[in-house]
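Okay, thanks everyone, let me put this one up on the screen.

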Amino acid sequence: MASPLGHAAVAITAFVACRLPPHSSRYWLLGIACSEAPDLDVVGFWLGIPYESMLGHRGLTHSLLFAILFSWVIAHWAARWGAVEYRRLWTYLFVATASHGVLDALTTGGLGVAFFAPFTNDRFFFSVHPIRVSPLEPSLVFGPIGLAVLKSEVLWIDIPCALFLLVWKVAGRIQGRAKSG
């Protein structure tokens with residue numbers, strides 16, 4: 001899996017791309033929570049659920065159907081705040097949730113991601129694996145392995161997200177000048 005920091009970076013980038021109000025920290029925090037939610041399936045390790053099971057790690061909670069339904073439930077709950085149009089909010093939360101499986105399918109470890117669960121438990125990786133898989137054991141996160149994960153995420157997640165945001169901002173300024181000129 002990518003680390004929680006990597007998943008959060010994509011959620012924050014999606015927040016900007018979906019044009020949610022910049023002062024609405026509760027929405028970007030909600031998106032970060034959605035980007036982390038698929039990893040709730042790690043509880044299965046302690047419950048004895050086999051990794052390769054549909055309910056195992058990177059199974060059902062990493063699927064596109066889960067992202068659709070989970071973001072729908074959370075968007076309906078958060079819509080009562082009333083500050084954001086529902087479709088925009090749902091899109092943001094869906095992208096944040098679905099991005100989790102996408103990042104995990106770019107990592108160097110695991111059994112792949114069950115994108116199409118519950119219809120099939122086939123696991124998929126993308127053809128490139130530039131992101132080092134983050135260890136589940138906290139003692140390994142704060143050592144050389146964790147540092148290697150962080151380096152790969154800076155290179156393959158944080159820098160691309162920062163470049164996207166920079167291009168987004170420049171394009172917005174150019175568009176603003178074109179409208180006012």
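I'll start with the ground rules and then go helix by helix.

So, this is a predicted model, where local features need pLDDT of at least 70 and side-chain atom pairs count only at pLDDT 80 or more, while totals for chains, interfaces and linings use all residues. Residues are numbered from 1 along each chain as its sequence is written, and side-chain values use heavy atoms, with hydrogens and water left out.

Let's look at H5, residues 86-104. Helices here are DSSP runs of H or I, at least four residues, numbered from the N terminus. H5 has 19 residues and spans 28 Å from first C-alpha to last, close to the 27 Å expected at 1.5 Å a residue; that expected span is 1.5 Å times one less than the number of residues. There's a bend of about 25° at Ala98, taken as the angle between axes fitted to the seven residues ending there and the seven starting there.

What covers the buried residues of H5? The cover includes H1 (4-17), H2 (25-36), H4 (64-78) and H7 (144-180). Buried means under 20% relative accessible area, exposed over 50%, and partly exposed in between, with a 1.4 Å probe and protein chains only. Among the buried ones are Leu89, Tyr92, Leu93 and Ala96. Val95, also in H5, counts as partly exposed because its relative accessibility is 34%.

Now, how many salt bridges does the structure hold? It holds 2, a salt bridge being a side-chain nitrogen of Lys or Arg within 4 Å of a carboxyl oxygen of Asp or Glu. Asp104 pairs with Arg58, closest N and O atoms 3.6 Å apart. That pair ties together distant parts of the chain, with Asp104 in H5 and Arg58 in the loop between H3 (43-47) and H4, 46 residues apart. Asp104 is buried at 0% relative accessibility, and Arg58 is buried at 0% too. Arg87 bridges to Glu85 at 3.4 Å; here Arg87 is exposed at 62% and Glu85 partly exposed at 42%.

Last stop, H7. Ser152 sits in this helix and is buried, at 8%. Ser152 touches Pro130, Ile131, Arg132 and Ile157, leaving out residues up to four places away in sequence; touching means heavy atoms within 4.5 Å. Trp156, also in H7, is partly exposed at 46%. Trp156 belongs to a nonpolar surface patch, alongside residues including Leu5, Leu147 and Ile174. H7 supplies the largest share of that patch, 10 residues. Patches are made of residues with over 30% relative accessible area and no salt bridge, with like charges joined within 9 Å and nonpolar side chains (Val, Leu, Ile, Met, Phe, Trp, Tyr) within 5 Å.

Methods. Helix = DSSP H or I, 4+ residues; strand = E, 2+ residues; numbered from the N terminus. Areas by Shrake-Rupley, 256 points an atom, 1.4 Å probe, with all protein chains shown as cover.
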